[in-house]
Amino acid sequence: MSALEVNFDGLVGLTHHYAGLSFGNVASTSNKAAVANPKLAALQGLAKMKRLADLGFAQAVLPPHERPQVDLLRRLGFAGSDAQVLAQAARQAPALLSAVGSASAMWTANAATVSPSADTRDGRVHLTVANLNNKFHRASEATTTEAILKAIFADERHFAVHSALPQVAQFGDEGAANHNRLSRQHGEAGVELFVYGRQADGQGVAPNRYPARQTREASEAVIRLHGLSEDNCVLAQQHPEVIDLGVFHNDVIAVSNGPVLFHHQRAFWQTEQTLAELGRKLAAQGTEFVPIMVPDRAVSVSDAVQTYLFNSQLLTRPDGKMLLVVPQECREHAGVWRYLSELVQSGCPIDALEVFDLRESMRNGGGPACLRLRVVLNEAERAAMAPGVLMNDALYGRLTTWVERHYRDRLSAEDLADPQLLEENRRALDELTGILGLGSIYPFQQGA
């Protein structure tokens with residue numbers, strides 16, 4: 001059955017601010033305490049969604065989460081009304097208030113790991129919510145993410161949405177940011193590449209400076225949950241030295257589409273072995289593997305981290321050629337732009353570039369690939385999902401108006417103590433679920 005890849009982009013939340021919460025993410029920590037513009041951030045994300053939809057790519061939207069999380073502050077000992085809880089947290093533990101106010105759910109590459117029905121044993125699309133337990137400000141996302149995904153993919157004949165793995169370090173899972181899939185066509189059986197940073201049992205190598213957020217044990221658990229076979233998945237370790245250089249997820253150093261793996265020379269710990277296994281397993285399916293390796297002499301790891309060259313979207317156009325969606329920072333870096341200009345003239349499958357201004361997201365450590373979750377769906381599955389999240393002219397217009405009406409154009413961490421901001425968030429999200437047709441997915445809508 002024919003299938004296409006739908007990119008579900010995260011809509012930036014109303015509390016988008018720069019708090020430097022993500023140790024190991026260079027952009028996040030280096031922009032700590034800068035003043036953010038949530039309205040601009042949301043509009044930049046919507047502009048990307050609309051442009052890609054206009055180019056003919058299937059595009060959808062995932063809603064933001066309720067923030068700040070007053071219920072989580074109560075679990076940490078703050079008491080009283082919502083306003084009192086926020087005031088206490090601001091006075092006694094401002095870092096905690098910033099964490100529970102984070103809009104990090106916008107980076108939906110971390111929402112879940114997805115396997116299409118062509119790969120799974122039961123012929124359903126499987127989605128496992130990421131537990132994100134390496135960072136406090138992200139570990140609390142799983143419950144709302146699961147509710148959102150179950151609202152969109154509610155038909156159990158076609159979809160299986162799995163809860164997050166246990167919230168322990170042994171099963172640290174960062175979702176699709178450490179997962180790639182290769183295939184001849186989206187609707188055909190493929191090979192799924194699971195990339196981990198360390199083994200929780202202590203064996204093998206590991207980074208020294210920054211944490212390895214994805215464990216091999218978590219990836220193995222997702223493989224079992226999704227009903228994948230040894231023939232259609234590959235486990236590979238990310239190079240620990242690049243993690244220590246700021247490559248906190250594999251999608252900062254590699255991206256795939258169709259039979260193509262666009263990656264840096266130092267992306268993997270055992271590169272030759274990884275590429276050979278991918279090639280062998282794809283060949284068994286009748287697919288020719290096309291690795292595009294970027295040499296360190298052309299683009300260093302630090303340049304890749306600075307520009308997010310690999311945190312790009314690689315998309316197949318109707319003519320079979322591929323479009324690489326990159327952030328503006330790539331064009332502003334002379335060396336990276338020179339490499340890309342030569343790449344699209346080289347005769348490889350990537351022959352076009354699309355550049356986006358995502359400065360607000362980039363300054364917090366997330367590029368084009370961070371903002372999207374790839375879900376391959378056949379015709380029956382697309383018909384079974386919630387239709388209101390699919391991007392089109394009408395939805396873009398409604399969401400743009402919604403953002404203009406509800407979002408602030410200036411926000412710092414100190415503003416999170418304002419109880420009015422919490423009320424603004426709840427009113428906006430209540431309206432948004434109606435726009436998207438998702439029902440009551442937030443605790444405040446259910447009287448919790």
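Where does Leu 132 lie? I looked this up before anything else. Leu 132 sits in the loop between strand S4 (125-129) and helix H6 (136-139). Helices here are DSSP runs of H or I with at least four residues, strands are runs of E with at least two, and both are numbered from the N terminus.

I note the ground rules. The model is predicted, so I take local features at pLDDT of at least 70 and side-chain atom pairs at pLDDT 80 or more, while totals for chains, interfaces and linings use all residues. Residues are numbered from 1 along each chain as its sequence is written, and side-chain values use heavy atoms, with hydrogens and water left out.

**Backbone entries**

I checked phi at Leu 132. Its phi is positive, about 50°, although Leu 132 is not a glycine. Leu 132 counts as buried at 3% relative accessibility. Buried means under 20% relative accessible area, exposed over 50%, and partly exposed in between, with a 1.4 Å probe and protein chains only.

I then went to Tyr 308. Its phi is near 55°, again positive in a residue other than glycine. Tyr 308 lies in the loop between H11 and S12. Tyr 308 counts as buried, at 3% relative accessibility.

I also looked at a peptide bond. The one from Arg 67 to Pro 68 is cis, with omega near -5°. Pro 68 is found in the loop between strand S2 (59-62) and helix H3 (70-75).

**Helix packing entries**

I took H16 next. Two packed helices are described by the angle between their axes and the distance between the axes. Axes are lines fitted to C-alpha atoms, for helices over the stretch in contact, and angles run from 0 to 180 degrees between N-to-C directions.

Helix H2 (residues 38-54) and H16 have axes that come within 10 Å and cross at roughly 175°. That makes H2 roughly antiparallel to H16. Angles under 35 degrees count as roughly parallel, over 145 as roughly antiparallel, 65 to 115 as roughly perpendicular and the rest as oblique. On the H2 side I listed Lys 39, Ala 42, Leu 43, Leu 46, Ala 47, Lys 50 and Asp 54. H16 answers with Asp 393, Tyr 396, Leu 399, Thr 400, Val 403 and Glu 404. Contact means heavy atoms within 4.5 Å. By class, the residues of the H2 contact with H16 are seven nonpolar, one polar and five charged. Ala, Val, Leu, Ile, Met, Phe, Trp, Tyr, Cys and Pro count as nonpolar, Asp, Glu, Lys and Arg as charged, and the others, Gly among them, as polar.

I turned to H17. The axes of H16 (residues 393-406) and H17 (residues 419-436) come within 11 Å and cross at roughly 170°. That makes H16 roughly antiparallel to H17. Among the H16 residues that meet H17 are Leu 395, Leu 399 and Trp 402. Their partners in H17 include Ala 428, Leu 432 and Ile 435. I sorted the residues of this H16 contact with H17 into eight nonpolar, one polar and four charged.

**Helix H10**

I noted the span of H10 (residues 271-284). It has 14 residues and reaches 20 Å from first to last C-alpha, close to the 20 Å expected. The expected span is 1.5 Å times one less than the number of residues. Its buried residues include Leu 275, Leu 278 and Leu 282. The buried residues of H10 pack against strands S6 (179-182), S7 (191-196), S8 (233-237), S10 (260-264) and S11 (290-294).

Glu 272 is also in H10. At 71% relative accessibility, Glu 272 counts as exposed. Gly 286 follows H10 and has a positive phi, near 85°.

**Aromatic entries**

I searched the whole structure and got five aromatic pairs. Rings of Phe, Tyr and Trp (its six-membered ring) pair if their centres lie within 6.5 Å; planes under 30 degrees apart count as stacked, over 60 as edge-to-face and the rest as tilted.

Phe 262 and Phe 310 make a tilted pair, 5.0 Å centre to centre with 40° between the planes. Phe 262 is in strand S10 and Phe 310 in the loop between helix H11 (301-307) and strand S12 (313-316), so the pair ties together parts 48 residues apart in sequence. Phe 262 is buried at 0% relative accessibility. Phe 310 is buried, with a relative accessible area of 0%.

Tyr 442 and Phe 444 form a stacked pair, 5.8 Å centre to centre with 15° between the planes. Tyr 442 is buried at 0% relative accessibility, whereas Phe 444 is partly exposed at 21%.
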